[in-house]
Amino acid sequence: MSVGPADASADVGYIYVQLIDAGTDSVVDTVTPNGSGAYSFTGVQDGDYKIVAGTDYNNDGAICSRGEACGAYTSLYDQQTVNVSGSDESGNNFTVGHDVAFTPASAAR
């Protein structure tokens with residue numbers, strides 16, 4: 001087994017960021033982040049939203065499918081809603097990555 005250097009950077013590929021209505025779970029808007037990972041939505045109506053980002057490796061139009069990178073604000077397993085109420089929101093940062101479950105061969109028997 002070979003382990004890369006601690007400062008190695010990873011790139012999961014082309015990311016889509018979706019703004020999702022928290023009440024209906026419907027996608028309101030989809031954007032792509034710029035080269036630094038920054039994203040923004042414009043013309044958002046007041047309300048509660050979730051923010052999810054991921055890849056679409058199989059080009060089926062859905063992000064975060066099995067085997068695709070995924071992330072959410074504040075985290076994939078602790079999603080928080082963002083309340084938009086008449087002003088801009090910022091600082092809604094989170095990570096996107098692969099959820100890898102590894103079972104050693106000796107434990108699988």
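Which residue is the bridge partner of Val17 in β3? I looked it up, and the partner is Ala53. A note to myself before going on: this is a predicted model.

**Strands.** I followed β1, residues 16-21, to its partners. With β3, residues 47-54, β1 pairs in the antiparallel sense, and I find 6 bridges there. On to β2, residues 27-31: this strand also runs antiparallel to β1, joined by 4 bridges. One spot I checked was Ile20, which stands opposite Val27 in β2. Then I looked at the hairpin of β1 and β2, where 5 residues sit between the strands.

**Rings.** How many aromatic pairs does a search of the whole structure find? My search turned up 3. For Tyr39 and Phe41, the ring centres are 5.9 Å apart and the planes meet at 70°; that angle is over 60, so I call the pair edge-to-face. I also noted that ring pairs tie Tyr39, Phe41 and Phe94 into a cluster.

Is Phe41 buried or exposed? I get 17% relative accessibility for Phe41, which is under the 20% cut-off, so I put this residue down as buried.

**Asn93.** Last, I went to the segment after β5 (82-84), where Asn93 lies. Its relative accessibility is 62%, so Asn93 goes down as exposed. I then took the C-alpha distance from Asn93 to Gly37 and got 9.5 Å, with the two residues 56 apart along the chain.

Key: Residues are numbered from 1 along each chain as its sequence is written. This is a predicted model: local features need pLDDT of at least 70, side-chain atom pairs count only at pLDDT 80 or more; totals for chains, interfaces and linings use all residues. Side-chain values use heavy atoms; hydrogens and water are left out. Helices (H or I, at least four residues) and strands (E, at least two) are DSSP runs, numbered from the N terminus. Buried means under 20% relative accessible area, exposed over 50%, partly exposed in between (1.4 Å probe, protein chains only). Two strands pair if DSSP finds at least two bridges between them. Rings of Phe, Tyr and Trp (its six-membered ring) pair if their centres lie within 6.5 Å; planes under 30 degrees apart count as stacked, over 60 as edge-to-face and the rest as tilted.
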